[in-house]
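Biologist: I'd like a close look at a single part of this model, and then how that part sits in the rest of the chain. Could you take me through it in one go?

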Amino acid sequence: LEELEEYQRTVEVMIPEASCPHVIGEQGNCISAIMKATNCDLHIVREPISGLSEQKRLRITSSTLGSLEEGVGKVQEVMLDLCRFGVLSEAHFALREGATAEIDRAPRDRTSGGSGL
């Protein structure tokens, strides 16, 4: 079991883009506090999620499953607090489809190639 804890484990959680400044906090205070309390590394992935607008991926990494679980729990607490204080609403968590990646925005040539199915 001790050997397994040497490996990094990663979980990605989708969070509303509107929550990102609050997760980071002023001068990074909030995200730093979560990292310190949980012994996890948190990183908001800049690349958009293809096909989903207004959502970001929050990557949580740790060497132990217990810490990873704590990290996810703390992020969920932040999301709940943001809802309680009116910063976020249920609508922020709706997965609205929309072209976000450059490849999704480009028109596709539907006349050539394909599997013929």
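Modeller: Let's start with Thr61, which sits in strand 3. Bear in mind that this is a predicted model. Is Thr61 buried or exposed? Its relative accessibility is 16%, so Thr61 counts as buried, the cut-off for that being under 20%.

What does Thr61 touch, once you set aside residues up to four places away in sequence? The list is Gln8, Arg9, Thr10, Cys40, Asp41 and Leu68. Then there's Met35: Thr61 and Met35 are 26 residues apart in sequence, yet their C-alpha atoms are 9.7 Å apart in space.

Leu65 belongs to helix 3. With a relative accessible area of 56%, Leu65 counts as exposed, because the line for that is drawn at over 50%.

Strand 3 (55-62) is among the elements that give two or more residues to the largest nonpolar core, a group of 16 residues. The members that touch the most other members are Ile15, Leu42, Leu58, Ile60, Val75, Val78 and Met79. Besides strand 3, the elements giving two or more residues are helix 1 (20-24), helix 2 (29-38), strand 2 (41-45) and helix 3 (65-84). Which of them gives the most? That's helix 3, with five residues.

Leaving out residues up to four places away in sequence, Val78 touches Val23, Cys30 and Ile34. Val78 also turns up where helix 3 meets helix 2, so let's go there next.

For helix 2 and helix 3, the axes come within 9 Å and cross at roughly 150 degrees. The crossing is right-handed. On the helix 2 side, the contact is made by Cys30, Ile34, Ala37 and Thr38; helix 3 brings Ser67, Glu70, Gly71, Lys74 and Val78. Sorted by class, that contact has four nonpolar, three polar and two charged residues.

Gln27 has a positive phi of about 55 degrees, although it isn't a glycine. Gln27 counts as exposed, at 76% relative accessibility. Asn39 is exposed, with a relative accessible area of 58%.

Finally, the whole chain. What is its pattern, read along the sequence? It goes β-α-α-β-β-α-α, which comes to four helices and three strands. Of the 117 residues, 29% are buried, and Thr61 counts as buried as well. The chain exposes about 8200 Å², with carbon and sulfur atoms supplying 52% of that. As for contacts with a sequence separation of 6 or more, 68% come from residues 24 or more positions apart.

Note on methods
Residues numbered from 1 in each chain as written. Predicted model: local features only at pLDDT ≥ 70, side-chain atom pairs only at ≥ 80, totals over all residues. Heavy atoms only, no water. Core = buried A, V, L, I, M, F, W, Y, C linked by side-chain atoms within 4.5 Å. Buried < 20%, exposed > 50% of the residue type's maximum accessible area, 1.4 Å probe, protein only. Contact = heavy atoms within 4.5 Å. Areas by Shrake-Rupley, 256 points an atom, 1.4 Å probe, with all protein chains shown as cover. Axes fitted to C-alpha atoms, helices over the stretch in contact; angles between N-to-C directions. Left-handed = near helix turned anticlockwise from the far one by under 90°. Nonpolar A, V, L, I, M, F, W, Y, C, P; charged D, E, K, R; others polar.
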